Amino acid sequence: MRLKIVQQLKKDKMAVIGVIIILILAFLAIFAPYLSLYDPMEVNMENRLLTPSEKHPLGTDQLGRDLLSRIVYGTRVSIAAATMATLMIMIFGVTIGAIAGYFGGVVDQAIMRVVDVLLAFPSLILTIAIAGILGPSLMNLIIAMTATGWVGYSRIIRGSVLSVKEKEFIEAARAMGCGNLYIIARHIIPNVISPVIVIATIDMGHTILSITGLSFLGLGAQPPTPEWGAMLNDGKSFMTTAPHLMIFPGLMIMVVVLAFNFLGDGLRDALDPRLRQVMMK
Amino acid sequence: MKKYITKRLLLLIPIMLGASVLSFSILYIAPGDPAELMLERQLQGAPTKEQIDAFKEEHGLNDPIPIQFARWLYKILRGDLGTSLRTEEPVLKEYLNRFPASLVLFLLSQIISITIAIPLGIISAVKHNSKVDHFSRFMAMFGASMPNFWLGLLLILFFAVYLDWLPAFGYGGITHIILPAIALGVSGCASIMRLMRASLLEVLHLDYIRTARAKGLCEKLIIVKHALKNALIPVVTVIGLHISHLISSMVIVEAIFAWPGVGRFLIESIHARDFPVIQGFVLIIAMFFVFANLIVDISYTYLDPRIRYEMERIK
């Protein structure tokens, strides 16, 4: 099945463009120290708010830091944070969903009521409140996003687990004397994980928007961390004198989100029937 | 139908109870002692041990948590959400003062999304694979990927700073609302347009449309009178689903445009660690969202007789 998806994706021009952009950004993130001309944290008050020039291709910010270097390092921060948030959401969502589906009964009921309540909140509002109360930092933002984000995944996983757990091979594993945890980890999760990975990829653009948006509000990465949302927030005060400060970080956010959306759309098209089947449950 | 609505309303009770537990517990996930944090704010300095003890005694913070929760719930049911530490006004009053501004923005941005998205979606579907179709799909992709806070800043930069046509922020006449409403409306526009297109394309392949064509009806009539009715149903759901996203985006957009709404006050309160306001606002916003969803669900059953029959059969 995986091969089929890759073949389908290769035919989708937009998805290919998305993958290429993501690879370029990953390259930027990994090799940021070698690619940037300046230290992104280095303050140089003599060079503040310079417009783009040969020495500083994207200009400098209000503290004279090189904007291009900050943007390159920002790729690292934003992509690392989004990946981390997605992974944590997946781990929590999958574990909780698998427990609910596998054990059923009271456990399932209890978990599903919590899911219902969390779904009754506009999730970002709750994320904002939790992140704000834990105290503004990138790590706390990721914790807050995990606390509200796992529900959707749990619901999907629970549904798939319910249908898998009655299959013969689970019965066989149990007959062989495998424990519950072993069965969940070794037999159930590998069987239900692929739709979750796909949904996580589709959600990636949205996750990046949330992280940069909340950092923009001052609830995520704190200065002087070169994070795109926080950079936009810094730059907005100098809108009239130095518009480049708010144009380039925003452009980067849009390009990343666009790339993930292209890929996500391609994935959705490639697997539509199966995905729809899973979502309907 | 009445049974369905009653059932939905009854289902709201456990959800609301859960939502209030969640809002209540916000205070307890804060690192540090909530009493100390609140006193620090009130006294503008570090409180003494005696002051903290007195404050705890006064507000019943020494009682077991279930009792504190019961007391909180009892107060909420009577419409008392506590007092803001920052403005010293009742939380409910602060909310109601700001709600109209937010509602106007919410409705206008929704209107902008719908009036742009639905016609574009229809044209895209009718002129399937044409240049117009490609263009509007591209724009939709663009709109969905545009961070609304960046769009807001760009709008300010262009229309307020360079052209000086519209005020950059604040509240007042019609001119003040245009930019924030556009910044909010664009992302919704994209998803509604895409769904409208997909849904109309699907309907246009159905047999009854072929029958209408065979009958010799003109294409316009087929689309407006026959196809749209069915194609709009999933669009209504998406508009409903989008409310959550819209409420969340409003916090950001209100902050950028200094719009005196609920969202901006919430963010200010979060930065100021004004716990009663955070708890109260989160709870009211959740309630608003739950009711908005209920209304969408009910109107959905009105729009689609098939669902209505289905429900009557299940009973």
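These legends go with close-up views of a predicted model.

View 1. Count the elements in chain A and you get 11 helices and zero strands. Walking along the sequence gives the pattern α-α-α-α-α-α-α-α-α-α-α. Of the 281 residues in chain A, 47% are buried. If you take the contacts in chain A with a separation of 6 or more, 70% of them link residues 24 or more positions apart.

**View 2. Helices H7 and H9 of chain A, packed against each other.** Here H7(A), residues 138-164, sits against H9(A), residues 180-216, with the axes 10 Å apart and an angle of about 155° between them. An angle over 145° counts as roughly antiparallel, so that is how H7(A) runs relative to H9(A). The crossing of this pair is right-handed. On the H7(A) side, the residues in the contact include Leu141(A), Met145(A), Tyr153(A) and Ile156(A). H9(A) answers with residues including Ile188(A), Asn191(A), Val192(A) and Pro195(A). Sorted by class, the contact of H7(A) with H9(A) comes out at 14 nonpolar, three polar and no charged residues.

**View 3. Helices H5 and H11 of chain B, where they cross.** Over in chain B, the axes of H5(B) (residues 91-126) and H11(B) (residues 262-271) come within 7 Å, crossing at roughly 135°. That angle makes H5(B) oblique to H11(B). From H5(B), the contact takes Glu94(B), Tyr95(B), Arg98(B), Phe99(B) and Ser102(B). Their partners in H11(B) are Val262(B), Gly263(B) and Phe265(B).

**View 4. Where chain A touches chain B.** The contact draws 36 residues from chain A and 35 residues from chain B. On the chain A side, the elements that give two or more residues are H5 (105-119), H6 (123-134), H9 and H11 (244-280). H6(A) has the largest share of that side, with 10 residues. By class, the side of chain A that touches chain B holds 23 nonpolar, 10 polar and three charged residues.

**View 5. Confidence in chain A, with its 274-281 stretch.** Chain A has a mean pLDDT of 82, and 89% of its residues reach 70 or more. Residues 274-281 of chain A are another story: the pLDDT there is below 50. Beyond near neighbours in sequence, this stretch has eight contacts in the model.

Methods:
Residues are numbered from 1 along each chain as its sequence is written. Chains are lettered from A and ligands numbered from 1 in the order in which they are written. This is a predicted model: local features need pLDDT of at least 70, side-chain atom pairs count only at pLDDT 80 or more; totals for chains, interfaces and linings use all residues. Axes are lines fitted to C-alpha atoms, for helices over the stretch in contact, and angles run from 0 to 180 degrees between N-to-C directions. Helices (H or I, at least four residues) and strands (E, at least two) are DSSP runs, numbered from the N terminus. Angles under 35 degrees count as roughly parallel, over 145 as roughly antiparallel, 65 to 115 as roughly perpendicular and the rest as oblique. A crossing is left-handed if the near helix is turned anticlockwise from the far one by less than a right angle, and right-handed if clockwise. Two residues are in contact if their C-beta atoms, placed from the backbone, lie within 7 Å. Ala, Val, Leu, Ile, Met, Phe, Trp, Tyr, Cys and Pro count as nonpolar, Asp, Glu, Lys and Arg as charged, and the others, Gly among them, as polar. pLDDT is the predictor's confidence in each residue, from 0 to 100. A residue is buried if 20 or more other C-beta atoms lie within 10 Å of its own, exposed if 12 or fewer, and partly exposed in between; C-beta atoms are placed from the backbone.
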